[in-house]
Amino acid sequence: MPDIAFGTDGWRAVIADTFTFDNVRQVTEAIAVAARGLPPPDGIDRNALVVGYDRRFLSRDFAVVAAETLKGAGFRVILSKSPTPSQTISFTAANRKLLGGVVITASHNPAKYNGVKFKAWYGGSALPEMYRAIGDALGKRAARDGGSIAEEEILEDYVSALRGQVDVQKILGARMAILHDPMHGVAAQIPSKVVGIDYVGNARILRRSLEKLIQSVIDTVRGEVNPSFGGVNPEPIPENLVAARNVMLTGEYDLALCNDGDADRLGVLDERGDFVSPHKVIALLALYLVREKKMAGEIVKTFSTTRLIERVAKALGAGFHETPIGFKYVADLMLTRNILIGGEESGGIGFGHFLPERDGILSGLLVAECVAHYGLPLSTIVAGMENEFGTLYYARRDVHRAAERCELLIERARRGELDGAFGRGFTSREEKDGVKLNFDDGTWILFRKSGTEPMIRIYCESPDAERVEAMLETAVNELDRA
């Protein structure tokens with residue numbers, strides 16, 4: 001049996017190493033077996049699944065193998081004709097009342113990776129118990145007659161649904177210049193389609209001082225297919241957004257919306273080309289949705305995300321929840337409670353009134369709508385929020401070390417051996433997901449082992465920017481001593 005382990009949202013592995021056609025068949029067979037035991041409500045077609053894929057190397061070929069495997073297990077399969085965002089599969093499952101869907105994608109991981117995700121009938125990621133059932137089913141088969149495969153273009157229904165979630169006319173009427181960077185991923189062209197603007201493949205040369213905009217425009221960088229992602233990991237974090245930042249530095253654009261490889265994450269650059277962290281974006285959208293759009297509901301963040309969101313929720317009088325890391329835990333709450341918005345530090349943001357699923361395209365368009373509504377630069381809007389709720393500084397280090405060394409550091413933190421290593425004011429320890437050490441000035445540091453790579457993630461937040469960097473440096477030193 002190959003070494004196949006499921007992380008927070010599916011299975012990912014290196015192409016031609018563990019991620020092979022045979023192993024994709026085995027994982028899909030396990031999905032087929034586990035899916036037969038799922039308890040969907042009445043009205044769900046238990047014999048139908050949708051299969052999609054991203055723009056990675058061989059993704060469509062792997063998707064065809066998955067579809068054929070599900071067909072052999074007796075499922076009627078809808079196979080997407082073209083690459084599509086992961087959330088399109090979630091939307092299609094919910095909209096058409098299918099049992100679920102399979103996505104071939106490694107999301108934001110380096111180009112050498114690919115992966116398999118399972119989406120359920122409610123329009124979101126599989127719950128932890130579903131992935132456990134899939135893992136337990138590895139090596140089993142459920143051959144059955146009656147299966148079929150039908151290829152369809154499924155994107156347009158999702159695009160139409162997005163139009164119902166965004167004030168398109170407000171965005172168009174603001175005469176903004178928006179830059180979209182899909183990072184060679186599947187989000188390419190979609191914001192333009194939602195807003196109803198002709199797609200521009202590469203950023204045009206704008207000269208707004210010479211020619212005023214009649215309506216808002218959306219220009220694009222890195223929209224073409226490139227399975228190597230141009231040598232950059234398709235994760236919308238500052239070091240990977242140089243291409244978008246260089247365009248923003250022309251001063252001709254109001255904001256940049258950047259998506260990861262499968263379009264379920266968002267990165268934002270303001271009018272100066274400065275990165276606006278997902279922490280601030282989640283807090284800003286919560287404020288905008290409640291105060292300006294008069295929407296109601298509870299607010300959710302994951303364990304590694306800023307406490308600014310908690311402050312905002314309290315000021316809005318909204319219910320607040322904190323979950324373990326992974327959007328599937330946010331989705332779980334969205335299935336049982338009235339959740340307005342939920343998000344994670346990696347840029348995954350979802351809206352319970354639409355789907356219990358993160359959506360980098362919808363969250364990005366809502367940021368554009370927010371900027372259009374206020375008629376102010378994004379940096380000014382964010383500064384106003386920080387003036388009201390306080391400024392918190394946040395950073396994260398992803399450190400590749402042997403798994404044993406990472407585990408030892410986490411165990412030392414759990415035993416209290418690091419309580420005095422980070423200076424003054426240790427107050428408490430939390431173990432909701434990894435180990436978090438809290439300090440009396442609001443500072444915290446979190447240690448968590450990656451579920452998919454030999455790596456430890458170290459997160460830190462503080463009202464003191466210098467303390468953040470100092471604590472992260474100390475943490476890495478402690479890791480190397482472990």
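**View 1. The lining of the largest cavity in this predicted model.** His180, Pro191, Leu257, Asn259, Leu266, Gly360, Ile361, Gly364 and Leu365 form the lining; on a 1 Å grid over the protein atoms alone, a cavity is a set of points where a 1.4 Å probe fits but cannot get out, and lining residues have an atom within 4 Å of a point. Two or more residues come from each of β10 and α12 (360–374), with α12 giving the most, four. The space inside is about 30 Å³, and the count is one cavity of 30 Å³ or more.

View 2. Asp260 is buried (under 20% relative accessible area, 1.4 Å probe, protein chains only). Its contacts (heavy atoms within 4.5 Å) include Ser107, His108, Pro182 and Glu235.

**View 3. Polar partners of Asp260.** The Asp260 side chain makes a polar contact with the side chain of Ser107 at 3.0 Å, and reaches the backbone nitrogen of Arg265 at 3.0 Å. A polar contact pairs N or O atoms within 3.5 Å, one able to donate a hydrogen and the other to accept it. Asp260 has no salt bridge, and Arg265, the nearest side chain of opposite charge, is 4.2 Å away; a salt bridge needs a side-chain nitrogen of Lys or Arg within 4 Å of a carboxyl oxygen of Asp or Glu.

**Notes.** Residues are numbered from 1 along each chain, and side-chain values use heavy atoms, without hydrogens and water. Local features need pLDDT of at least 70 and side-chain atom pairs 80 or more, while totals for chains, interfaces and linings use all residues.

Notes. Buried < 20%, exposed > 50% of the residue type's maximum accessible area, 1.4 Å probe, protein only. Lys, Arg positive; Asp, Glu negative; His and termini not counted. 1 Å grid on protein atoms, 1.4 Å probe; cavity = no way out; pocket = protein on both sides within 12 Å on 5 of 7 lines; lining within 4 Å. Points joined across faces, edges and corners; volume = space filled by probe spheres on them. Lists of a residue's contacts leave out its neighbours within four places in sequence.
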